Structures are given as C-alpha cells and as structure tokens.
Amino acid sequence: MDVITRISSPLTESWFAWLFFAFFVFWVSKGMFLAEANLVFRGLFSKGERSYVGNVGLQYLTILYKAGILALLIYMLIHVDGEFTFINCGIVFMVILATILAQNLLVRLVGVVFLSNRMLESALEQRRLIGDVLCGLMPLAIMLLYMIPACGMFVVIVLSLLYVGMILIKAIQLCYNNLLSVLYVLLYITSLEIIPLVGAILWIKNIIQ
C-alpha cells in the first residue's frame with residue numbers, strides 16, 4: 001500500500017492557522033490600524049507635529065504584533081522545504097523582535113545626536129505610525145501568500161517600497177536643511193532601516209535551514 005507523504009507547509013500546519021487567527025483578532029480589536037493610517041496619510045505631505053498619543057501598554061502589544069506578523073511573513077517567504085514548525089517560527093519571532101528593539105534604540109540614539117527633543121519625539125512618533133500602518137496591511141500579504149503566492153509576493157514588495165518611501169518623505173520633511181541633509185537621510189534609511197532587517201533575514205536563514 002502506497003504511503004502518501006504529508007508535506008509540511010503553512011497550508012497543512014494547524015498551529016499556523018491558529019496563530020494567524022490570534023493576530024487577526026488583535027488586528028480587528030485595534031481597529032485595523034485605521035486611525036494610524038488616517039494620521040499617516042493625512043500628514044504625509046505636511047511637516048506635521050506630534051498628533052497621536054497611544055496607550056503605552058497597547059503600544060507594547062503592538063510591537064509584539066509587529067514582530068509576530070513579520071515573523072509569520074518572513075518564515076513563509078524563506079521556507080522552501082523541510083518541516084514548517086512552530087519552534088522555527090518562534091526563532092524567527094525572537095530574531096525579528098530583537099531587531100525591532102535594536103532599531104528603535106539606535107534610531108533614538110542617532111536622533112539624540114542630530115535632532116532637538118521636539119523633532120526627535122515627532123520623528124519617532126511618525127516612524128512608529130508608519131510601521132503600525134504597514135504591519136496593519138501585512139495580514140493581507142499573508143492571506144495572499146497563503147492562497148495566491150505570486151500576488152502575495154507582489155504585495156510584499158509594494159509594502160516594502162511603501163514603507164521606505166514614506167519614511168524617506170517624512171525624514172526629509174523633518175530634517176531637510178540642504179542637499180547634504182538628504183544624503184544623511186538616505187544613509188540613515190540604509191543603515192538603520194534596510195540593513196538590519198536584511199541582516200536579520202539572512203541570519204534567520206542560516207539558523208533554520
């Protein structure tokens with residue numbers, strides 16, 4: 001009698017569906033990040049001051065949500081063969097969470113050196129709001145990767161470009177003095193936004209594959 005081998009993937013592992021459902025419940029209870037999206041897009045083309053103060057406890061939960069939803073997305077993207085396991089997903093989550101926390105710390109340290117306290121708090125808030133909005137759209141990318149991988153990859157690329165583009169626009173609005181300041185902004189985005197995440201993904205691939 002032939003034995004049908006069960007392929008381990010997001011489609012076959014029940015833990016993935018339950019974990020994604022838990023993130024989906026938080027996403028709905030957070031209002032699908034619509035308030036943050038409204039603030040971001042309303043002020044995207046203006047040099048806005050601080051306009052949003054959230055509950056501190058909820059902000060910590062949101063950081064965990066960001067790390068978790070990113071972990072699911074990244075694990076889906078880098079998984080090629082072998083077991084699709086909860087333990088590996090946990091490893092991805094811990095690396096991504098550590099990366100997010102390190103980025104937050106480094107961005108604050110750089111801001112302390114180059115920005116006034118008022119500009120720094122505004123910049124940190126705008127960065128957090130943009131991150132909230134993009135992570136609020138990630139359930140769509142995961143569902144598309146789950147059902148239509150090609151469309152899901154397209155959405156992931158669009159979200160990545162959208163994040164970099166919005167960070168670039170807000171950073172230039174807040175920090176522009178001359179052409180040299182644009183170079184500093186590009187250096188910041190490359191060194192503190194792009195490289196840490198790419199490095200984390202490469203490290204994750206070495207760990208779990």
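This report describes the salt bridges and a nonpolar surface patch of one predicted model.

## Basis of the model

Residues are numbered from 1 along each chain as its sequence is written, and side-chain values use heavy atoms, without hydrogens and water. In this predicted model, local features need pLDDT of at least 70 and side-chain atom pairs count only at pLDDT 80 or more, while totals for chains, interfaces and linings use all residues.

## Salt bridges

There are five salt bridges (a side-chain nitrogen of Lys or Arg within 4 Å of a carboxyl oxygen of Asp or Glu). One of them joins Glu36 and Lys30, at 2.3 Å from N to O. Glu36 is buried, at 1% relative accessibility, and Lys30 is buried at 15% (buried means under 20% relative accessible area, exposed over 50%, partly exposed in between, with a 1.4 Å probe and protein chains only).

Glu193 and Arg127 form a salt bridge whose closest N and O atoms are 2.6 Å apart. This pair links distant parts of the chain, 66 residues apart: Glu193 is in helix H7 (residues 179-208) and Arg127 in helix H5 (helices, H or I with at least four residues, are DSSP runs numbered from the N terminus). Both Glu193 and Arg127 are buried. Salt bridges with shared partners also join Lys66, Arg128 and Asp132 into one network.

## Nonpolar surface patch

Leu11, Leu140, Met143, Tyr146, Met147 and Ile148 form a nonpolar surface patch, together with about 570 Å² of accessible area (Shrake-Rupley method, 1.4 Å probe, only the protein chains shown counting as cover). Patch residues have over 30% relative accessible area and no salt bridge; like charges are joined within 9 Å and nonpolar side chains (Val, Leu, Ile, Met, Phe, Trp, Tyr) within 5 Å. Tyr146 lies in helix H5 (residues 117-147) and is partly exposed, at 31%.

Key: Helices (H or I, at least four residues) and strands (E, at least two) are DSSP runs, numbered from the N terminus.
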